[in-house]
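Let's walk through this structure together, one step at a time. Please keep the sequence and the 3D view at hand as you read.

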Amino acid sequence: MRLRRSGSGRGRRRGRDGKTEKRRPRMRPRGKGARQERITLASSAAMMPAATLKPDSISMYDPRLLRELDWSQNTVTFSPAISPMNPGDGLVLRPLCITDINQGFLKVLGQLTETGAAGPEQFIKTFERMRNSGDYYVTVVEDTNLGEIVATATLIIEHKFTHSCAKRGRIEDVVVSGECRGKQLGKLLMSTLTLLSKRLNCYKITLECLPKNVAFYEKFGYLVSEENYMYQRFFN
């Protein structure tokens, strides 16, 4: 019969003189070295072929927030019925992951606006900055059969000194890939992020849209504001 070694022997080794010595713990790199290591590893993963990528745990935000949404508060009708946990056959609604640069995320976003020529390192730095702030909820729909992102939308949280230091939500960059339109994915993303802003205790949520899209957003309870949207563009 084998006997287990007692726990008191863990973390020790026997020296040449027969005496036991404590093992030195392995130290993980910190500071700039650790950050550079993360960027190098993530850059390598982002440049790998999609078929060789393993599921990545680095999400933009905690995916449990999506599972905890009270879908009974949804006010929009879906036919056939879909939800954040059941968006359709072969589809998954989830937070943006750091390796989604290799799964067509920027390609889908490019169907809405100019994305430029961001490389893997620039993408990763922006991803980390947004993730570390805790105020960006970039959400995507992935077609697992294709291994590609087919829709995305973003919820941004603004912290205010007004309204008793409340939070305001803002929805941006809602786009569905041309091949997947008609599957109610835009409606699903809008309903999901609207409920998420409520879950995060925002006092209100806003968005900007073209006049032709007003009727679509009114389905979710959004109202046309009397204020005018004004802007200056410094570069594309």
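Leaving aside neighbours within four places in sequence, Thr-154 is in contact with Tyr-137, Val-138, Arg-170, Ile-171, Glu-172, Asp-173 and Leu-193, where contact means heavy atoms within 4.5 Å. This is a predicted model, in which local features need pLDDT of at least 70, side-chain atom pairs count only at pLDDT 80 or more, and totals for chains, interfaces and linings use all residues. Residues are numbered from 1 along each chain as its sequence is written, and side-chain values use heavy atoms, with hydrogens and water left out.

You will find Thr-154 in strand β5 (residues 148-159); helices (H or I, at least four residues) and strands (E, at least two) are DSSP runs, numbered from the N terminus. Thr-154 has a relative accessible area of 7% and is therefore buried (under 20% relative accessible area, with a 1.4 Å probe and protein chains only).

Five strands form an open sheet with mixed pairing, in the order β3-β4-β5-β6-β7; two strands pair if DSSP finds at least two bridges between them. At the edges are β3 (91-95) and β7 (202-207), each pairing on one side only. From one strand to the next, the twist averages 20 degrees (axes are lines fitted to C-alpha atoms, for helices over the stretch in contact, and angles run from 0 to 180 degrees between N-to-C directions). Helix α6 (residues 185-199) packs on the sheet and touches β3, β4, β5, β6 (167-176) and β7. The direction of α6 makes about 25 degrees with that of β5.

β5 is mostly covered, with nine of its 12 residues buried. On one side, eight bridges join β5 to β4 in antiparallel fashion, and Val-141 stands opposite Ala-151 in β5. Four residues lie between the strands in the hairpin of β4 and β5, where Gly-147 takes a positive phi near 70 degrees. β5 also pairs with β6, again antiparallel over eight bridges, and Leu-155 stands opposite Ile-171 in β6.

Finally, visit Asp-135, in the loop between α4 (120-133) and β4 (136-143).

How values were computed
Buried < 20%, exposed > 50% of the residue type's maximum accessible area, 1.4 Å probe, protein only.
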